[in-house]
Every structure is written in structure tokens, then in C-alpha cells.
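Have a look at the structure first, then read on.

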Amino acid sequence: MTMQLPPDISLVSELHAIEAELAAATNATALEAWRVKYLGRRGRLSQLTQQLGSLSLEQRRAFGPLVNDAKRTLEDLFAAAQRALQEPKAARESAAHHLDVTLPGKPVTLGRLHPITQTVREICAAFQGMGFDVAEGPEVEWERYNFDLLNIPRDHPARDMWDTLWINWTDPNEEGRRMLLRTHTSPMQGRIMEQAKPPIRVVVPGKVFRHEATDARHEWHFFQVEGLAVDRGITFADLKGTLYEFARRIFGADRRVRFRCDYFPFVEPGVEMAIDCFLCKGEGCSLCGDGWIEIMGAGMVHPNVFSAVGYDPEEYTGFAFGIGAERVAMLKHGIDDIRRFYANDLRFLRQF
Ligand code: DAH
């Protein structure tokens, strides 16, 4: 059986439109007008309720609950609209976004510095605390800086000390001659002295490359921190004092330090500095051999190096050093194989 709706009962099917009308009532006057129109004493709903009386019992049973539902819906909507009008805008918005500050947050994953980056920074900081500046230079270098200016002439057997990775490029003006991946950070000595006048106190951190087989103590690329101090009257005592203080700052006062004569073409005299092995405590073991781990070469800047950059070797003296950053990190953290630093094993790297 289909029932014919009495005209006003159609209100039930108009609910959407009525709701939209309410949404458009954005101030108190409009809201009140809406209330009078639909919920007021002579409003549509009360007219509807009155009309129910004139319907048949069957129709009342069918439409009665619908009208009641409609009334409740309209009352709820009106109450909500009234509340919304009273609440400040921000509160309304936050309710709309359901922001619950008590919920657990999303985890934030943080990266970390590679242990060698940390060590390089610690080394630089130790020297900065003693008045040194920090400079950086190119990893692809001319042989002029990597060798010539460092008193290592072309075809001199001393070049064999650095197994060089050459770049297939030659300077058309012959000035820098051939290109290479720098085998040490020492080329920055020449670059700095060409630019600046003494006094100079500078450290140069950077990556270096060697065409070399790897083992527990050697990598084909690694980090060095070069040091250079030039002034009038600098002596070997300054070199030793500075490097002792560096060792004290990095390793603490109780580690032992050893200097021995060594040869590097760009210094005279030249030394190597070693620290007692962390594994055997200086007794001698398979890692260190004789109980000592060499961490740097150093010496008094060779007069030929000063002459090559236009400094008068009669006027100026200075010392230089080149620290192996991985060696320092191995000693600091008790790591027995340099290759671990570059194996990218997160279980290893996360420890630092
Ligand atoms: N450049 C040298 C190397 O890589 C290390 C070195 C030795 C640097 C003595 C210096 C130095 O500045 O004076 O083997």
C-alpha cells in the first residue's frame, strides 16, 4: 500500500534542505529565525504534530515515529549550531581535527656522525684550542702541490713512498702538470704558503687516496689531518710540545708517546709519533708488532719547501705534521681493523 503524504509531512523528506538552511545561519539572529520557523510554537514541526491528529490510525502509526525522529534531529542540530556559535573559533577547529595530545608520537629517527667524522672534528678542535685555524683543500690535486713544492722532484725515488692514483689529465700550461688523487693532505702546505705570509698556524682535515692493498692497518682511502706552523724562531721543542699536548687532549695524560726519527722529503729532521698499543698495552702483538701504533709523521719544514713558495728559510722556521685519523680512532675506541670503518655495517657504526 502506498500512502499519500499530507502536504506538511513532506518536511520529513526536506531534512537536508532544512539542515543546509541552519548551516547558513551564522549569527544569533539568523539562528533564532530558523528556530522560530521550524521549532517555534507555531513552527512547521508543531503544525505537523497538530496535523497528525487528523490522520487515520494507520497513518499516525506510520508517520508518528517519523515526525518524532525529525523533531529530535532538528533539536539536536539546533543545539549544536548554538554551541558552535558560542565556542571560540580555535576550539572549534581543534575539535574538528580531533587532536589528542596524549597519543604516543611518531618515532623520529636521527642520523649520526660517522666515527671518523667525529674523530677528525675532535682532532681539529684539539688544535683549534691551541690557536690553529682550519682549512680544507681539493681531493683532486696537481702533482705540483702533491709532490714538486714538497721537495719531491719529478722522477725522484721518494715518490715511491706514495702509491699514486693518477688522473688522466695534464695541465696544458704545464704549471701544475699531471693531475692525481692527493696521496696526503700535505699539498695544502704549498697552497697555504703561496697565499699567506707568516705567522701561520693551520690544520687541514681531508680525505686522501693510495693505490695500495688493504689490511688491518691500511685502507686505499683514509683521512688525514695536516698541520703547519710557520713563524720566526719556531724550534723542534715547539713541535714536541704541541704534539704532546695534542696526545694529552685526545688520549688522556696516561697514554705513552714515542718519537722516532723518520724520513719525509719535506721535513728535516723528520719524526714519526706513536702511541702505546691499546691491545697489548705496549707489550707487542699481532696488531701493532712492537707495542706501538704510529699515528703521524712530522718534522721541521725543509728549507727547500720554504724557498719553493718564496719564503726566506733564513728568516722563518716551522714544523709540520700529518695525522692518520683512522689510527687515532682505532686507538681511542680499541678497534682492531681499519676496514671496519668503511664496511658500512650499521651494527658497528651505531656504537659511536
Ligand atoms: N704526508 C705524510 C704522509 O702522508 C705525513 C707527514 C709526514 C706529513 C711529515 C707532514 C710531515 O706534514 O711533516 O705520509
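Here is a short briefing on the ligand site, the salt bridges and a few backbone details.

This is a predicted model, where local features need pLDDT of at least 70, side-chain atom pairs count only at pLDDT 80 or more, and totals for chains, interfaces and linings use all residues. Residues are numbered from 1 along each chain as its sequence is written, and side-chain values use heavy atoms, with hydrogens and water left out.

**Around the ligand**

- There are 16 residues around the ligand, and H184, S186, R210, Q224 and E226 come nearest (a residue is near if one of its heavy atoms lies within 4 Å of the molecule).
- By class, that shell has seven nonpolar, seven polar and two charged residues. Ala, Val, Leu, Ile, Met, Phe, Trp, Tyr, Cys and Pro count as nonpolar, Asp, Glu, Lys and Arg as charged, and the others, Gly among them, as polar.
- R210 has a polar side-chain atom 2.9 Å from an oxygen atom of the ligand.
- Taken alone the ligand exposes 350 Å², and the protein buries 93% of that (areas come from the Shrake-Rupley method with a 1.4 Å probe).
- Which elements give two or more residues to the shell around the ligand? They are β6 (221-231), β9 (292-301) and β10 (317-324). Helices (H or I, at least four residues) and strands (E, at least two) are DSSP runs, numbered from the N terminus.

**Salt bridges**

- The count comes to 23 salt bridges, each being a side-chain nitrogen of Lys or Arg within 4 Å of a carboxyl oxygen of Asp or Glu.
- One of them joins R248 and E245, with the closest N and O atoms 2.9 Å apart.
- R248 and E245 are three residues apart in helix α9 (residues 236-251), so about one helical turn separates them.

**Backbone details**

- P198 and P199 are joined by a cis peptide bond, with omega about 5 degrees. P199 is found in the loop between α8 (187-195) and β5 (200-209).
- Another cis peptide bond joins E268 and P269, with omega about -5 degrees. P269 has its place in strand β8 (residues 267-276).
- E174 is not a glycine, yet its phi is positive, near 70 degrees. E174 lies in the loop between β3 (166-170) and β4 (178-181).

Technical notes: Polar contact = N/O pair within 3.5 Å; in protein donor to acceptor, adjacent residues only side chain to side chain.
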